[in-house]
Every structure is written in C-alpha cells, then in structure tokens.
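Please keep the structure open while going through them.

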Amino acid sequence: MSRPQAPRGTRDLLPAERTVFLRLEGIARSLTDRYGYQPIETPLFEQAEVFERGVGAVTDVVEKELFRVSAGRGEAERERWALRPEPTAGMVRAYVQHGMQTLPQPVKLTLIGPMFRYDRPQAGRYRQFWQFDVEAFGDAGPAIDAEIIELAMRFYAEAGLPAVELRLNSIGDPACRPGYIEALRSYFAPHTEALPELERARLVTSPLRLLDSKEPAMAALIAAAPSITDHLCDACAEHFAGVRAHLDAMSVTYRLEPRLVRGLDYYTRTTFEFFPVGHDGQQDALGGGGRYDGLIELLGGRPTPGIGFGLGLDRVILALAAAGVAAPDVAHVSSVVVGADPADTLTRLRIATELRAAGLSARADLGRRKLGKQLESAAREGAHFAVICGDELEAGQVLLRDLQAGTQRPVTVTELTRELARSEAQHRHGAGGPGGR
Ligand code: AMP
C-alpha cells in the first residue's frame with residue numbers, strides 16, 4: 001500500500017524545526033508586547049472576495065496563487081472560500097466587523113500563523129508558510145511607519161540574523177499614482193509585442209504590476225522604467241521625507257528602491273522589504289509591508305489609514321541556517337523517575353506526578369524494563385537527573401543521581417521536590433547540579 005506524503009509545497013515541522021519556530025515566535029511576542037501590539041487570530045480561510053477586493057483581483061496572489069477551498073455543496077458555494085494568502089485583508093475584515101474603529105486609535109494588532117499560496121514550490125517558496133505580522137490601524141504616519149519598520153529590524157537582530165537590508169519606497173496615493181501609471185503605460189506601450197502574455201494583459205489592466213513581474217525577460221525593461229519618486233505629489237513627498245527623517249533619527253539605515261511596488265494592490269505611500277545582504281532573488285525576501293490607507297474603506301469600513309508588515313518565518317530560518325547560527329536545543333525533561341523493580345510503574349508514576357504538580361519537569365519511565373536500560377534512556381535523552389526508586393524506599397528515600405556529574409545521594413521522598421527545585425534553579429544559573437557524595 002502506498003504511504004501518504006505531506007502535500008507538495010508543505011512540510012512537517014519536526015521537533016528540531018518547530019523549536020526554532022517557537023523561539024522566533026517567542027521573540028516576536030516579546031517585541032510586540034513591548035511595542036504595544038495586541039494579539040489577534042483570524043480564520044485560516046475567508047470569503048475569497050475578502051482577498052479579491054483587498055489584495056486586488058489583478059495580482060499574482062489572487063490570479064495565480066489563491067488557494068481556493070471547494071468544500072461547499074452547491075455550485076455557488078464551491079468557489080466562495082479561500083485560504084488566506086496573507087493576513088492583512090482578514091485583519092482589516094475583523095477590524096471593521098467588530099467595530100474597532102470606535103476604539104481609541106491606533107488599534108495595534110499582531111498575528112503569527114500559516115499563510116497559503118498555490119505557487120510552484122521551490123527553495124524558500126512553499127504552499128504553506130508562516131508569517132509574523134503586525135498592523136496598526138488609524139494612524140496616518142509618518143512616525144508610525146518608521147516605528148513599524150524599526151520593529152521589524154529589531155526582530156531580525158534579536159533573531160540573530162547578522163545583516164538585513166531594508167529597501168524603502170513610496171508608491172504615492174490616489175492623487176499622484178494615476179499620473180505615474182500613465183507614465184508607465186506610455187513607457188511600456190512601444191514594447192507591447194515583446195511583453196510576455198500576462199504582462200501584455202496587465203499593461204491594460206494594471207501597469208504597476210509590471211514592476212513586480214518575475215519574468216526574466218522583463219528585468220531590463222523594468223530597470224529603465226520611469227521612477228515613482230519623480231511623480232509623487234507634495235503630500236506624498238512630504239510623508240516620505242517624514243518616514244526617512246524618523247528612520248534616520250533611530251539610526252535605521254535603508255536603501256531607496258524606486259521599483260519596489262509590492263505585489264498587492266492595497267498599498268499606498270510607504271512600501272518596504274527586507275533582504276539578507278547580498279541576496280536579490282524575490283524568493284530571498286525575508287519580509288515586507290507598507291501603508292494601505294484605502295484598504296479599510298475598500299472592505300466596508302470608514303476611511304481609516306493603516307500600515308503593517310508580514311515577515312516570512314520560513315525564510316528567516318533558512319537565512320539563520322545559511323549564516324551558521326546554531327539552532328536551539330529541543331526541550332527535554334529535567335528529571336526521569338526510574339526504578340529497580342521494572343513492574344512497579346505505580347510508584348514511578350506517583351512520584352513523577354508529584355514533581356510535575358510542583359511545577360518541575362519530570363517524566364516517569366513507564367516501560368517495564370531493567371533499571372540499567374531505564375537509566376541509559378534517561379541519559380540519552382539529555383535528562384539532568386534520575387530519581388531512582390530502590391530498596392531505600394522502605395526508609396522513605398530515593399537516590400537522586402546527577403546524570404551529568406555522575407554523582408548520586410539519598411534524598412527523602414518528602415524533600416525530593418524541594419531538592420530538585422533547588423538543583424534545577426542552580427543548574428539554570430550555571431552552578432551545576434546538586435553535588436554528591
Ligand atoms: P509578501 O507579502 O508576498 O511580500 O510576503 C511577505 C513575506 O512572506 C515574504 O517576504 C516572504 O518572506 C514570505 N513569503 C511569501 N510567500 C512565501 C512562500 N510562498 N513561501 C515562503 N515564504 C513566503
């Protein structure tokens with residue numbers, strides 16, 4: 001019989017990798033707490049319309065990569081749902097649905113979770129991947145733009161990534177972007193015949209999207225295209241100068257990148273992306289974000305500004321490995337309760353239960369094997385202590401063995417919890433085990 005495999009473009013996060021993820025999530029949580037972002041969770045799937053309207057119908061994410069869920073019974077139901085390709089549209093939907101516009105603004109929210117894009121799988125590009133996301137609704141910036149960017153840079157620094165480059169741009173707003181789009185259209189029009197099919201269609205529907213085309217044939221044309229920076233209106237230029245001044249004040253360095261339009265339609269003004277220094281491929285991008293002052297209105301709310309980022313955790317992990325940063329150890333229990341009588345699982349389980357109730361990390365060896373085997377397995381999994389139940393039990397004692405120091409001593413059962421708590425604390429502070437006789 002064939003053995004089922006994880007779907008193409010997905011992978012299991014086994015304990016070693018899951019531990020790295022948890023470490024990153026811990027850093028993200030600690031940072032967002034410190035910066036005043038509150039946690040939120042939204043469904044993994046939404047009405048497809050949330051993304052079609054929010055992200056934009058003429059984008060790679062919606063046209064080519066939307067992971068539609070056909071679970072409904074009737075024809076009408078079938079195409080209604082899609083797995084979230086990114087978190088912002090769903091968070092905006094929640095912000096509007098729950099009347100968060102009446103709360104004191106800005107409302108600052110954060111989410112960590114899986115996203116889904118039905119893309120061609122390759123290195124660093126998965127069909128299910130994880131993002132650390134923050135969004136701030138109700139502040140028109142530019143100070144908060146800079147604060148959010150600095151938060152992302154701090155995340156990379158605390159994660160241990162040595163060199164991350166911030167690329168920064170402004171893509172204008174509804175006042176100045178139409179002029180720029182016209183300039184783009186005029187620029188690309190004489191090359192229509194040479195454009196790949198999708199790009200030719202987009203020249204008509206959404207010329208801005210030509211700038212994030214991944215087609216190699218487009219690279220040279222894109223490089224020589226008109227620059228948005230030359231087309232910003234006064235208000236957008238002032239906003240952009242403000243973002244840069246605030247970044248400078250925090251000593252956050254950046255590279256101006258006038259072609260950086262991001263692959264989603266909802267952005268206005270500030271856009272940014274993060275890359276490992278020296279890596280340019282789109283599948284190397286560690287994260288990105290920007291301002292989306294029209295999105296909340298587009299999804300049925302009152303006009304409200306917003307800005308946020310999504311950082312790809314899978315890519316951060318790849319970059320950490322490439323930089324040779326050591327992965328954290330997978331957690332293991334500190335103590336294992338073993339016994340001379342293989343059959344007496346009752347005593348071992350009772351003692352381990354007491355230790356755990358007291359907040360200690362312990363497991364009982366519940367296999368019915370010889371003491372030697374029990375100790376071997378405790379040592380192999382990296383436990384620090386073995387609590388040995390033997391003849392001393394009659395006198396109300398067990399042997400506490402420090403598996404790392406190779407020492408042991410008798411301890412009364414009533415004092416075991418206190419002894420282990422003290423030893424664990426000493427161990428955590430690097431003072432070694434309980435010592436022995
Ligand atoms: P985007 O909004 O498309 O720029 O995505 C934000 C970040 O998510 C990117 O910079 C990547 O780090 C990550 N990301 C996007 N798509 C994928 C994918 N298919 N697989 C892994 N990570 C991804």
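1. The second largest pocket holds about 260 Å³ of space. A pocket here is, on a 1 Å grid over the protein atoms alone, an open set of points where a 1.4 Å probe fits, with protein on both sides within 12 Å along at least five of seven lines, and lining residues have an atom within 4 Å of a point. Grid points are joined across faces, edges and corners, and the volume is the space filled by probe spheres set on them.

2. The model is predicted, with local features requiring pLDDT of at least 70 and side-chain atom pairs counting only at pLDDT 80 or more, whereas totals for chains, interfaces and linings use all residues. Residues are numbered from 1 along each chain as its sequence is written, and side-chain values use heavy atoms, with hydrogens and water left out.

3. Of the 17 residues that line the second largest pocket, Pro276, His279, Leu318, Ala319 and Ala322 lie nearest its centre. Helix H12 (residues 313–322) gives the largest share of this lining, four residues. The lining divides into 12 nonpolar, three polar and two charged residues, where Ala, Val, Leu, Ile, Met, Phe, Trp, Tyr, Cys and Pro count as nonpolar, Asp, Glu, Lys and Arg as charged, and the others, Gly among them, as polar.

4. The protein chain has 15 helices and 16 strands, these being DSSP runs (helices H or I, at least four residues; strands E, at least two) numbered from the N terminus. The radius of gyration of the protein chain, at 28 Å, is well over the 22 Å that the globule rule gives for 437 residues, so the chain is more spread out than a compact globule; the radius is taken over C-alpha atoms, and the rule is 2.2 Å times the number of residues to the power 0.38.

5. In H1, Arg23, Leu24, Ile27, Ala28, Leu31, Arg34 and Tyr35 meet Glu147, Glu150, Leu151, Arg154, Phe155, Glu158 and Ala159 of H6, contact meaning heavy atoms within 4.5 Å. Among the residues of this contact between H1 and H6, eight are nonpolar, none is polar and six are charged.

6. Two cis peptide bonds deserve a look: one joins Gln105 and Pro106, with omega about 0°, and another joins Gly141 and Pro142, with omega about 10°. Pro106 lies in the loop between helix H5 (88–97) and strand S5 (107–116), while Pro142 is in the loop between strand S6 (128–137) and H6.
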